Every structure is written in C-alpha cells, then in structure tokens.
Amino acid sequence: MNFDTSIPIYLQVVNDLKGKVASGQILSGEKLPSGRELAQQYQINPNTAARVYQVLEQQGICETRRGLGTFVVEQEEIQKTVREEMAKDLARKFLERMKALGFTVEEIGKILKEEGK
C-alpha cells in the first residue's frame, strides 16, 4: 500500500480494512490478522497496527476476543453499515470541495449526472 503523507498511516489502514469489509472481501465474524501480521502486511510499526484495531473497535467494526484474536463483529448488516458510512463520508468530502470551488448543489448534480452516463 502506498501511503499518503498528509493522512496518518493508522487512518489509512483503518480505511483500507473498512473498505474490505464494505466490499465483502472481509466478512462478518471473520478473524483478522494478528497485530504482528497486520504490521507485516502493511509494513507498519506494531504499535500502529494496535492503534488500527483500537480505532476499529471504537467504531464497532471489530472486537478482540481474549486468547483468540480480533474478529469483525458478527452482525448481519455490518457490510451494509460500513459501506453506507464510507459512502456518506466520501460524498460529504466531495461536496465540501466542490462548494469550495464555488459550485452550487444544482451544478454539482448536473456534473454527476453527465459523468455518470
């Protein structure tokens, strides 16, 4: 993974894992790599990997089971929930940037409609 220097690494890994949950690459109830495995996989510091899991737990996406590891929460709607949350976040950021460029909501809608064809 190529990291963006303007965004903390742990947040980039969090978003990557959330994207994998949203797309179904990681399923509800699935065991996640250990902290060390995650650190090796993303080539990050083990402390950063631990922080990734802390954030995902705080967001209700994963849970740590003592002696067993870290798992995506067993929830039917987790994929849909994460997917919708990520879509809203992208839309919010997109709208903020477009409005900063001086576009109205109507103009933004017209652009999206044209580009969606």
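Biologist: Which residues line the largest cavity?

Modeller: The lining consists of Leu-17, Lys-18, Val-21, Ile-26, Leu-32, Leu-56, Ile-61 and Val-72. They count as lining residues because each has an atom within 4 Å of a cavity point. This is a predicted model, in which local features need pLDDT of at least 70 and side-chain atom pairs pLDDT 80 or more, while totals for chains, interfaces and linings use all residues. Residues are numbered from 1 along each chain as its sequence is written, and side-chain values use heavy atoms, without hydrogens and water.

Biologist: Why is Tyr-42 called buried?

Modeller: Its relative accessibility is 5%; buried means under 20% (exposed is over 50%, partly exposed in between, with a 1.4 Å probe and protein chains only), so Tyr-42 qualifies. Tyr-42 is in helix H2, residues 35–42, a helix being a DSSP run of H or I with at least four residues, and a strand a run of E with at least two, numbered from the N terminus.

Biologist: What does the side chain of Tyr-42 make a polar contact with?

Modeller: With the side chain of Asp-16, at 2.4 Å. A polar contact needs a pair of N or O atoms within 3.5 Å, with one able to donate a hydrogen and the other to accept it within protein; residues adjacent in sequence count only if both atoms are side-chain atoms. Beyond four places in sequence, Tyr-42 also touches Met-1, Phe-3, Val-13, Leu-17 and Lys-20, among others, contact meaning heavy atoms within 4.5 Å.

Biologist: How do you know that E1 and E2 pair?

Modeller: Pairing requires at least two DSSP bridges, and 4 join E1 (residues 62–65) to E2 (residues 69–72), which run antiparallel. Cys-62 has Val-72 as its bridge partner in E2. In this hairpin, with 3 residues between the strands, Gly-67 has a positive phi near 80°.

Biologist: What makes up the largest nonpolar core?

Modeller: It has 23 residues, and Leu-17, Val-21, Leu-38, Val-52, Tyr-53 and Leu-56 have the most contacts inside it. H1 (9–22), H2, H3 (46–58) and H4 (78–100) each give two or more residues, H1 giving the most, 6. Such a core is a set of buried Ala, Val, Leu, Ile, Met, Phe, Trp, Tyr and Cys residues joined through side-chain atoms within 4.5 Å.

Conventions
1 Å grid on protein atoms, 1.4 Å probe; cavity = no way out; pocket = protein on both sides within 12 Å on 5 of 7 lines; lining within 4 Å.
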